[in-house]
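Here are my notes on this model, point by point. Please read them with the structure open.

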Amino acid sequence: MAENHGTTSGESTAVVKSLNISDGASSDLRSPPADLPLRQAFHPAPQPTFRDITEKFIRACSALDTGQLVKDEYFTLFESIGALEIMDPKMDSGFLQPGETLEDAYDTLAPLLPEEVIGIMDQLLSYEMAWHRGYPLSQTLFTSVYIDKLLWPEPKTFEQAQFYRDGPPDNKRPGVLLEVLRAYCLALIKCCDFVNAKVTSRDYYEEEDFCTHTYNRVLFVGTPVDVFSRELDAAVERMEDTDLEMNLALQEALIARLNFRKDFLVALDFHSPIERLDKSWPPIFSNLISLNATHQLGKSVPGAFSTKLQRRLASTVPPRPIVELDFADAFQTLKQLCLDCEEATHFTRLEPDPLEYQSFLWAYASRNPTPLPYSRSYLATLLFHPTTLNATTSIPLADLRTLVLPASPLLDPTNWTLSPPRNLMLPKPPRLQLALYIDEFIERSGQPYLEFWTALGQNRCRLRRMLGHVIISWDQLQNDAGIVDEDIHATLEEMGTQVQDQVLAYPLTSWTYAKKLTMLEKMILLGFEQDIYLPDEYAGQYFFLSTVSSRRRDLLSNILAHLQYRHRCLLSCVEPDLPKAAEVEESIGYLQTLHAGATGIWSLSTALFHFYTLLMYLRLLPIPNRPFSSETLRYELRMKPFLTLQPPEVLPFEEFRERVRPFGDYVAPDAGFWKEVADGGSGGRLWKEIDACVRDAKEAFASVKKAGAKKARAGGVERDWGREVQGVLASCVALGVGAAGVKGALKEVGGGKAGGKRKAEGGMRLGLELGVKVEIPGIGTGKRYAEGWVVGKVVKG
Amino acid sequence: MDNSEASFYLSQLIGKNLRLHTTDKRIFGGQMKCTDKDRNIILALTYEYRAPSEAEICRTVEAPGEMSAPVSWSSRYVGLVVVPGAHVTRIELEESVFGKSDVAL
C-alpha cells in the first residue's frame with residue numbers, strides 16, 4: 001500500500017514538472033507540489049454489453065435429456081423450492097392479469113369528502129395495529145396509495161413528500177382536506193419509524209414477533225419529530241378555520257384524530273428523555289374516547305388501498321392479501337398498547353432494587369392479554385437503560401446482599417478500600433482478597449443475570465423455552481460459585497472464627513441455587529399454564545415441582561436460620577449494632593415470605609400430585625393410547641431441559657415410576673389401592689396427605705398474603721401480586737373441594753359387596769361406576785384460579 | 001448439438017449474469033443457477049425490470065418542456081426466481097468489458 005502511494009505521488013510530481021517546462025513564466029507562482037495522493041477522477045462504471053444467446057440456448061436445452069439438470073453444484077433442491085415462479089399468479093407479485101395495468105388508477109389528488117378522510121384515517125389506524133400485531137407492512141400500511149405516494153420515489157427533501165411529484169398539476173392544487181390527510185399520513189409513517197427503531201433496539205424475533213421489514217422504503221429516518229408535529233399543528237389550524245364549511249361533528253372528529261396522532265407520535269418518540277415518559281401516555285386516552293365514538297361518521301374508501309402496490313416493493317415473497325382488522329379490534333389493540341406502555345413507565349418509579357425490578361417484570365409478563373412486541377421493547381428499553389444498569393451497587397451484588405449476605409463482613413465496603421501490598425510477592429490483606437473474590441463472582445454472574453432479564457422480556461411461550469437455557473447457564477454459574485466459595489472459606493478461616501461465624505457457609509452457591517430453583521419452579525408452572533402437559537402427566541409434573549420446591553424450602557430455611565442467628569448476635573453484643581441489625585431484619589422479612597411461598601408451592605404441588613395419582617387409578621382421567629412410544633422415552637423427552645442439571649438431579653425413570661404409580665399398573669392396581677379407596681377413602685394414606693397438604697398450603701399462602709407485597713419485594717406491582725396470591729389460595733380451596741367430591745362419590749358406591757366385585761373385574765370400569773367426572777379447566781377460559789395450578793373440577797354425571 | 005456438447009455449453013453459463021425477457025415484456029436480470037430440458041431457468045439475486053406503461057409515456061411526451069424527456073424503467077429486487085421456459089422470449093448473456101467472457105460460444 002505504502003509503495004503504491006509512493007509511485008502515485010511520484011507520477012504527479014513528474015506531471016507538474018513537465019508543465020513547468022512548457023510554461024516557464026508562471027512557474028515561479030506555482031506552489032511546490034504537495035505530497036498528496038492522486039485523486040482519481042470519477043469514471044462511470046463501464047456499461048456491460050449483452051449478447052443474445054437465445055437461439056443457441058434453446059438448441060442446447062432441447063438436446064438435454066428429460067429430467068437432466070444443468071446446475072450449480074452448490075445449488076440444492078432445497079434452495080430451489082424457495083424460488084418464486086414467474087408468471088404464476090399465486091407466486092409472482094409482478095404478474096398482471098390480461099388487461100390489468102401496473103399503475104393504480106386511483107387519483108390521490110381527487111378531492112375528498114370529510115367523511116372519506118375520516119374513513120381513510122381509521123382504516124390506516126386499523127392497518128397500523130395489524131402491523132403491531134405481527135403482520136408485515138406490505139400487507140397492511142403499505143397497501144395505502146397515499147402512503148405509497150409519499151414514500152416513493154424516495155423524497156429527497158421533506159417538502160417533496162407530497163401526494164404528487166414534480167410540481168402539482170396547475171388545476172389540481174390539493175385541497176385543505178388532502179393537506180390534513182397528508183399531515184396525518186406523514187406523522188403515521190414517522191410513528192412506524194419510531195416503533196421499528198424501538199423494537200430493533202431490543203431482543204426480538206423477526207417475523208415471529210414482529211416484521212420490521214420496510215421493503216426498501218425509508219420511513220423519514222432522518223427527519224426530526226418536531227417537523228411532523230408542526231405539520232399536524234398546521235393541519236389542526238386549518239381545520240379550525242371558521243371559513244371552512246363543514247359539519248361541526250366531522251370537523252371535531254378530524255381534529256381529534258390529528259390530536260391523537262400528535263400525542264401518539266410524542267409518546268412513541270424514540271429519543272424522549274426517560275423522565276418525561278410517564279407524562280406522554282395519559283393525554284392519548286382522552287382522545288381515544290372521541291376517536292372511537294366518531295368512527296361511525298367515517299365513510300370507507302376501498303380504492304385508496306390496493307394489493308397492487310406490493311408489486312413495487314422489493315420483496316422476495318409471493319403476493320399476499322391485505323390483512324383486514326376490524327376497527328373495533330384495532331381500537332382495542334391500540335388501547336391495550338397505550339395501557340401496557342403506560343404501565344411500563346411505572347418501572348421508572350420503582351425503588352432501585354433488582355428484586356423489585358424482577359417482580360415488576362414477572363407481573364408485566366403475566367399481563368393478560370399479553371403485551372405486544374412494542375410494549376415489551378418499551379419496558380426492556382427502560383430496564384436496560386444506563387440509569388437502571390449503572391446503579392451505585394451492581395445489580396447482582398444488590399440481589400446477593402439481600403438474599404444471603406445482609407450486613408455481612410464479606411460485603412463490607414471498606415474491603416474495597418484496602419490497597420494491595422507494593423511487593424507483589426507478599427500476600428494481599430485477607431479483606432481485600434475477599435473483595436477481589438466477590439468482584440470476580442459478580443462479574444461472572446452479570447451475563448446469566450441479564451439473560452434471565454432478557455427472557456423475562458419475551459412473551460410467555462418463549463419465556464418458558466428461554467428459561468430452559470437460562471437455567472443451564474445458572475447451573476454453570478453455580479459450579480463456578482462453588483469454587484469461589486472454597487476460596488472465600490479459606491480466606492475467612494485465616495481471619496478467625498469470629499468473622500467466619502458471621503458469614504453463611506457457601507454464600508454464593510446458596511444464592512445461585514436459590515435463584516435457579518425459583519426459575520425451575522416457574523418453568524414447570526409455565527408448562528401447566530400453557531397446556532404443555534397432558535392430564536395423565538399432571539401427577540408426574542406436580543411431583544417434579546414438589547421435589548424442586550422442597551429443595552428450595554430447605555435451602556431457604558437454612559439461610560433463614562443463619563440470618564436469625566446473626567440478628568440475635570448483633571443485638572446481644574455489648575454495643576448492639578442497630579443499623580446492621582435492621583438490614584438483617586429486612587432480609588429476614590423477605591426470606592420469610594420466600595420460605596412461606598416455597599412451602600406453599602411444595603404443599604400444593606404434593607397435594608395435586610397425590611390427587612392426580614388417585615384420579616389416574618380411579619380411571620377418572622383419560623389415558624391416551626400411544627402405540628408408537630414408550631413411557632421411558634417420553635419421560636426422557638419431557639425431562640430433557642433438566643437432565644444436565646446437578647443439583648437438582650432428575651430422578652431415574654424407575655424411581656420416578658415407583659413414585660407416580662405407588663399401586664402398580666393403573667389398569668390392575670394392587671391391594672394397597674383397594675385399601676386406599678375403601679370406606680370412601682376415610683382410611684387412605686394419600687387422602688389424608690392431600691388434606692394435610694392443602695391445609696398447609698393454605699396456611700403458607702395466607703401468611704405470604706399477610707406479609708404483603710412490600711415484604712415480598714413486589715411493592716411496585718402490589719395489585720398484580722395480590723391477585724396472584726389470591727388465585728393460588730383459591731386453587732387450594734378448589735382442590736379441597738375436588739378431593740372431597742371424589743371421596744363422597746367413593747362413599748356412595750362403597751360397601752363391601754360392590755368393592756369385592758370391582759376387585760374381581762380389575763377395576764376396569766371404576767371411573768364409570770363412580771358416577772362422577774373430572775373436568776380439567778382449559779387455559780384462558782377464566783376457570784382456573786391461577787393459570788399454573790390446574791385443579792380438576794369434580795362434577796356429577 | 002449432442003447431449004454432452006449441450007451440457008458443456010450450458011454448464012459454462014452457470015453463475016453468469018443473464019437477462020431473460022418474458023412474454024409480458026418484463027426483464028429479469030440475475031445469476032443463472034440451473035436449467036433443464038424445458039428451458040426453465042432459475043436465477044439468483046434477481047432484479048425485475050418493467051418498461052414504463054403507455055400511459056406514462058404519453059404523459060411525458062405531452063408534458064411541456066424539453067424535447068427529449070427520459071421515462072425510467074421501474075426495477076425492484078425479487079431474489080431467487082424460476083422463469084418457466086414457455087415464458088422466456090429472449091436470453092442475453094452479460095459480457096464484462098474487461099476482457100472477453102470465457103464462455104466458448
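**Notes on the predicted model**

1. Start with the surface of chain B. Chain B exposes about 5600 Å², and carbon and sulfur atoms supply 55% of that area. Of its 105 residues, 43% count as buried. Keep in mind that this is a predicted model.

2. What is the secondary structure of chain B? It comes to two helices and five strands. Along the sequence, the pattern reads α-β-β-β-α-β-β. The contacts of chain B can be split by sequence distance. Take those between residues at least 6 apart in sequence: 53% of them join residues at least 24 apart.

3. I27(B) sits in strand 2 (residues 26-36) of chain B. Its relative accessibility is 12%, so I27(B) counts as buried, the cut-off being under 20%. Which residues does I27(B) touch, leaving out those up to four places away in sequence? They are R19(B), L20(B), H21(B), Y47(B), E48(B), Y49(B) and W73(B). V88(B) is a further reference point: I27(B) and V88(B) are 61 residues apart along the chain, and their C-alpha atoms are separated by 9.6 Å.

4. Now the confidence in chain A. The average pLDDT of chain A is 88, and 93% of the residues score at least 70. Two stretches need care. Over residues 1-29 of chain A, pLDDT stays under 50, and the model has nine contacts beyond four places in sequence for them. Residues 759-764 of chain A also stay under 50, with ten such contacts. Where pLDDT is low, the predicted coordinates should not be read in detail.

5. Next, the aromatic rings. Over all chains, the structure holds 40 aromatic pairs. One of them is F441(A) with W511(A): the ring centres are 6.0 Å apart and the planes stand at 80 degrees, so the pair is edge-to-face, the cut-off being over 60. This pair links distant parts of the chain, 70 residues apart. F441(A) is in helix 16 (residues 430-456) of chain A, and W511(A) is in helix 19 (residues 507-529) of chain A. Both F441(A) and W511(A) are buried.

6. A second pair is F543(A) with F656(A). Why does this pair count as tilted? The ring centres are 6.2 Å apart and the planes are at 45 degrees, so the angle falls between the 30 and 60 degree cut-offs. F543(A) lies in helix 20 (residues 538-572) of chain A and F656(A) in helix 23 (residues 653-660) of chain A, so the pair ties together parts that are 113 residues apart in sequence. F543(A) is buried, with a relative accessible area of 4%. F656(A) also counts as buried, at 10% relative accessibility.

7. F347(A), Y357(A), F360(A), Y364(A), F441(A), Y449(A), W453(A), W474(A) and W511(A) form one aromatic cluster.

8. Two charged side chains deserve a view down onto the ring. K522(A) lies over the face of W362(A), 4.7 Å from the ring centre. R553(A) lies over the face of W602(A), 4.5 Å from the ring centre.

9. Helix 6 (residues 176-200) of chain A has 25 residues. From first C-alpha to last, helix 6 reaches 36 Å, close to the 36 Å expected at 1.5 Å a residue. Is helix 6 mostly covered or mostly open? Mostly covered: 22 of its 25 residues are buried.

10. W152(A) and P153(A) are joined by a cis peptide bond, with omega about -5 degrees. P153(A) is in the loop between helix 5 (145-151) and helix 6 of chain A. Past the helix, E207(A) lies in the loop between helix 6 and helix 7 (225-240) of chain A. E207(A) is not a glycine, yet has a positive phi of about 70 degrees. E207(A) is exposed, with a relative accessible area of 61%. Y215(A) is in the loop between helix 6 and helix 7 of chain A as well. Its phi is positive, about 55 degrees, although Y215(A) is not a glycine. Y215(A) is buried, at 6% relative accessible area.

11. One more cis bond to inspect. The peptide bond from P647(A) to P648(A) is cis, with omega near -5 degrees. P648(A) is placed in the loop between helix 22 (631-639) and helix 23 of chain A.

Technical notes. Residues are numbered from 1 along each chain as its sequence is written. Chains are lettered from A and ligands numbered from 1 in the order in which they are written. Side-chain values use heavy atoms; hydrogens and water are left out. Rings of Phe, Tyr and Trp (its six-membered ring) pair if their centres lie within 6.5 Å; planes under 30 degrees apart count as stacked, over 60 as edge-to-face and the rest as tilted. Helices (H or I, at least four residues) and strands (E, at least two) are DSSP runs, numbered from the N terminus. Buried means under 20% relative accessible area, exposed over 50%, partly exposed in between (1.4 Å probe, protein chains only). A charge sits over a ring if NZ of Lys or CZ of Arg is within 6 Å of the ring centre and within 35 degrees of the ring normal. Contact means heavy atoms within 4.5 Å. Accessible areas come from the Shrake-Rupley method with a 1.4 Å probe; for residues, only the protein chains shown count as cover. The expected span of a helix is 1.5 Å times one less than its number of residues. pLDDT is the predictor's confidence in each residue, from 0 to 100.
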